[in-house]
Amino acid sequence: MKVQIAFKCFIRKKLKENGIDLSFEMLEVLKCLWEKEGLKQQDVADYVMKDKASLTLLIDNLTRRNLVKRTEDPSDRRNKLVMLTEDGLALKNTIEPWIDEMYAMAGTDIPEELLREGIILFDKIYGNLQEAETSCFLQARPENVINKNLQLVQ
């Protein structure tokens, strides 16, 4: 938990220093779309582990900032796909170096093998809790959540 807070603090500081008006949660949505664009809102909600109402607010805010747009799903008109705008895609080139810098700083003096073992350990803990079907896993079950959250800052 402390590490996640430190990661968020680092990214928030970089965003503020560079005059970019985004929350960490908005950045998580953008990261999801940088990996795979044109997802249904529910898929994005699962990825960022937010309920649909919270995600709607995040997407509304990103839309106002001209970073994403909603388009009709050609295979099912009832669904909306979330797409990046040119500005949303361009922001990736600004933010990814900060994420690389953060990981480099975080990994200073930590052997790569120890980092790999730590990720395996937390994936196993997550899997054990997921198998127990605690209430939070009943709402959303994205695969490898720990890896996805770690990838945000890779």
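**Note on a predicted single-chain model**

1. Helices (H or I, at least four residues) and strands (E, at least two) are DSSP runs that are numbered from the N terminus.

2. Before reading further, please keep in mind that this is a predicted model, in which local features need pLDDT of at least 70 and side-chain atom pairs count only at pLDDT 80 or more, while totals for chains, interfaces and linings use all residues. Residues are numbered from 1 along each chain as its sequence is written, and side-chain values use heavy atoms, with hydrogens and water left out.

3. On confidence, pLDDT is the predictor's confidence in each residue, from 0 to 100; the chain has a mean pLDDT of 85, and 86% of its residues reach 70 or more. Confidence is highest in H4, at 94, and lowest in helix H8 (residues 145-152), at a mean of 48. Over residues 138-149 the pLDDT is below 50, and this stretch has 18 contacts in the model beyond near neighbours in sequence, where contact means heavy atoms within 4.5 Å. Where pLDDT is low, the predicted coordinates should not be read in detail.

4. As for the overall plan, the chain has eight helices and three strands, and from the N terminus on its elements run α-α-β-α-α-β-β-α-α-α-α. Of the contacts in the chain with a separation of 6 or more, 56% are between residues 24 or more positions apart. Buried residues (under 20% relative accessible area, with exposed meaning over 50% and partly exposed in between, for a 1.4 Å probe and protein chains only) make up 32% of the 154 residues.

5. The accessible surface of the chain comes to about 9900 Å², and 53% of that belongs to carbon and sulfur atoms; such areas come from the Shrake-Rupley method with a 1.4 Å probe, and for residues only the protein chains shown count as cover. On this surface, Leu121, Phe122, Ile125 and Leu129 form a nonpolar patch with about 370 Å² of accessible area together. Patches are made of residues with over 30% relative accessible area and no salt bridge, like charges being joined within 9 Å and nonpolar side chains (Val, Leu, Ile, Met, Phe, Trp, Tyr) within 5 Å. Phe122 lies in helix H6, and because its relative accessible area is 46%, Phe122 counts as partly exposed.

6. The structure holds seven salt bridges, each defined as a side-chain nitrogen of Lys or Arg within 4 Å of a carboxyl oxygen of Asp or Glu. One of them joins Glu17 and Lys13, whose closest N and O atoms are 3.6 Å apart; because these residues are four residues apart in helix H1 (residues 2-17), about one helical turn separates them. Both Glu17 and Lys13 are exposed.

7. Another salt bridge is formed by Arg65 and Asp21, with the closest N and O atoms 2.9 Å apart. This pair links distant parts of the chain, since Arg65 is in the loop between H4 and E2 and Asp21 is in the loop between H1 and helix H2 (24-35), 44 residues apart. Arg65 is partly exposed at 28% relative accessibility, whereas Asp21 is exposed, with a relative accessible area of 56%. Asp76 also forms a salt bridge, with Arg78, at 3.0 Å between the closest N and O atoms, and Arg78 is exposed at 75%.

8. Some backbone angles deserve a careful look. Most residues other than glycine have a negative phi, and most peptide bonds are trans. Asn66, although not a glycine, has a positive phi of about 60 degrees; Asn66 is found in the loop between helix H4 (52-64) and strand E2 (68-73) and is partly exposed at 42% relative accessibility. Asp109 has a positive phi near 65 degrees, lies in the loop between helix H5 (86-106) and H6, and is exposed at 76% relative accessibility. Just after H6, Glu133 takes a positive phi of about 50 degrees.

9. Finally, Thr85 is found in the loop between strand E3 (76-84) and H5, and Thr85 is buried because its relative accessible area is 12%. Leaving aside neighbours within four places in sequence, Thr85 is in contact with Asn66, Leu67, Val68 and Lys69.
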